[in-house]
Amino acid sequence: EQVGIRIGGNQLPDAFMGVGFSNYDISTYGEDGVFIDLTPHINNETMPNLTAILEKHPDIKKAITMADGKIYGLPAGEQMGTAGIGDTTNHSIFTVPQFSMINKAWLDDLGLEVPQTIEELEIVLQAFLDNDMSAKYYGNEAGSTIPLSVGFDQWCWGQNVFYAPFGFTNWTNDVINDIVVNADGKVEFVNVTDAYRDALTWFNSLYTQGLVDLEMFSQDTSQYIAKTSQGRVGVAVWWYIEEVMADKSDDYVFLPPMTQADGSYNITVRDGGTINSGSLNITRACENPTDLLKFFDQWYEPENVMQLQYGPIDVFFTEKDESGKWISITDEQSREKFNKSAGELKGTHEVAGPKLILAEYYNENFYMEDRAIERLEDLKNFWMPFVEDPVSYPIDAVYSNEELEIIDLYKSDFESTVAEQEALWIRDGGPTDEEWEDYKTRLRETVGLEELLAVYQSAYDRYTE
């Protein structure tokens with residue numbers, strides 16, 4: 001509200017920090033003269049740190065350059081990926097956001113194997129329910145067993161991973177939900193394909209049989225974790241096992257992507273690029289942008305940025321090892337000294353603003369958090385072998401002003417229309433032939449399906465060129 005009031009009333013500060021402007025906002029305010037072009041100031045005299053980074057990483061410069069060739073904001077982002085743990089190919093930690101898991105102790109107790117197909121999964125879920133495994137194995141209240149629990153369309157704990165046997169996983173996306181790039185470079189929305197319809201029909205059958213948590217549409221993360229940590233859930237989804245299963249973690253193993261009877265499946269990976277330029281934008285009211293940018297250039301020095309991202313030296317970072325790399329505090333040390341987990345400690349001290357955590361910093365300057373290393377190892381060793389094509393729609397594609405106007409006009413309504421209908425079909429059943437055709441017509445005629453597709457295709461073609 002304050003941003004709108006200040007810009008609309010011409011009551012501009014020197015700069016906006018930590019707002020998180022979208023590319024549409026940045027381009028619009030830049031074209032209107034509210035934000036100044038920073039290109040003349042990004043040089044060795046004013047910003048030596050950032051200049052060196054952009055020379056070494058032209059992809060970052062491309063991501064923050066608007067369609068008119070100007071830069072209206074300083075870059076922010078984190079290149080946390082498998083290269084930081086020694087992988088030859090760098091897969092972002094966000095590539096597969098949902099790790100599915102299953103209670104192996106329950107399977108062993110029932111004499112069942114880890115399911116591999118959707119038919120086997122249904123058998124297992126039914127066995128969990130029929131034998132009330134939460135009560136039987138952990139002594140919880142009778143009838144407390146939830147065979148499978150998720151949150152509808154949630155980022156790291158949604159139902160989307162279970163669509164893999166139907167040829168896609170439509171993760172929530174920073175670009176627009178449900179968009180994929182096919183092997184031939186053609187962009188499409190999976191939410192109008194027959195495979196999507198089949199996936200919803202199947203997931204509704206699980207829901208109707210009582211095999212899926214009836215609260216999947218209403219529960220929040222605290223309610224979800226309360227169920228999982230108490231041993232009530234047989235199959236769940238989360239960022240990694242330990243955080244969601246607590247002291248029951250040893251009883252769980254990863255549940256691989258399910259397949260059809262013929263073995264077919266597909267994991268459509270999520271773009272891991274997180275570079276944006278909406279965290280520090282200087283306005284025309286700033287009398288001396290050069291001095292301001294000299295200050296913020298210090299934020300791009302590795303030892304400074306690590307403290308801005310995680311916490312101060314002698315708080316989050318405890319000491320240097322023999323190679324000169326900073327070691328971060330452990331969970332145990334953090335709880336003992338600050339009565340907080342390491343993640344909570346980071347949240348206390350993290351500063352929102354223009355900062356870049358480059359992949360090489362993890363090899364040269366400081367170590368990743370233990371939980372990040374664990375997740376990247378799981379991503380590299382368990383999940384990526386299931387991915388045949390790692391190409392995804394790039395989050396740092398750049399759009400023209402005309403394209404941004406189309407996105408601004410349609411995107412929100414398009415995503416909400418799809419999500420609302422998906423939720424209804426999962427809960428109530430469908431779609432019938434008539435409902436399916438009406439749905440596709442509504443997407444085309446009222447919320448810009450074809451217009452959005454044309455925009456994202458054009459931007460992708462320019463990006464690849």
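Trainee: How are helix 2 and helix 17 oriented to each other?

Mentor: Two packed helices are described by the angle between their axes and the distance between the axes. Here, the axes of helix 2 (residues 23-31) and helix 17 (residues 401-428) come within 10 Å and cross at roughly 130°, and the two helices are therefore oblique to each other. Angles under 35 degrees count as roughly parallel, over 145 as roughly antiparallel, 65 to 115 as roughly perpendicular and the rest as oblique. The axes are lines fitted to C-alpha atoms, for helices over the stretch in contact, with angles from 0 to 180 degrees between N-to-C directions. Helices (H or I, at least four residues) and strands (E, at least two) are DSSP runs, numbered from the N terminus.

Before we go on: this is a predicted model, where local features need pLDDT of at least 70 and side-chain atom pairs count only at pLDDT 80 or more, while totals for chains, interfaces and linings use all residues. Residues are numbered from 1 along each chain as its sequence is written, and side-chain values use heavy atoms, leaving out hydrogens and water.

Trainee: Which residues make the contact between helix 2 and helix 17?

Mentor: Contact means heavy atoms within 4.5 Å. Helix 2 brings Asn23, Tyr24, Ser27 and Glu31, and helix 17 brings Asn401, Leu404, Glu405 and Asp408.

Trainee: Next, helix 12. Which of its residues are buried?

Mentor: Buried means under 20% relative accessible area, exposed over 50%, partly exposed in between (1.4 Å probe, protein chains only). In helix 12 (residues 302-309), that label goes to Pro302, Val305, Met306, Leu308 and Gln309. Seen down the axis, these buried residues fall within an arc of 160°, so they line one face of helix 12. The arc is that of the directions from the helix axis to the C-beta atoms.

Trainee: And what do the buried residues of helix 12 pack against?

Mentor: Their partners include strand 2 (77-78), strand 10 (317-320) and helix 14 (342-349).

Trainee: Which peptide bond is cis?

Mentor: Look from Gly430 to Pro431, where omega is near 0°. Pro431 belongs to the loop between helix 17 and helix 18 (433-445).
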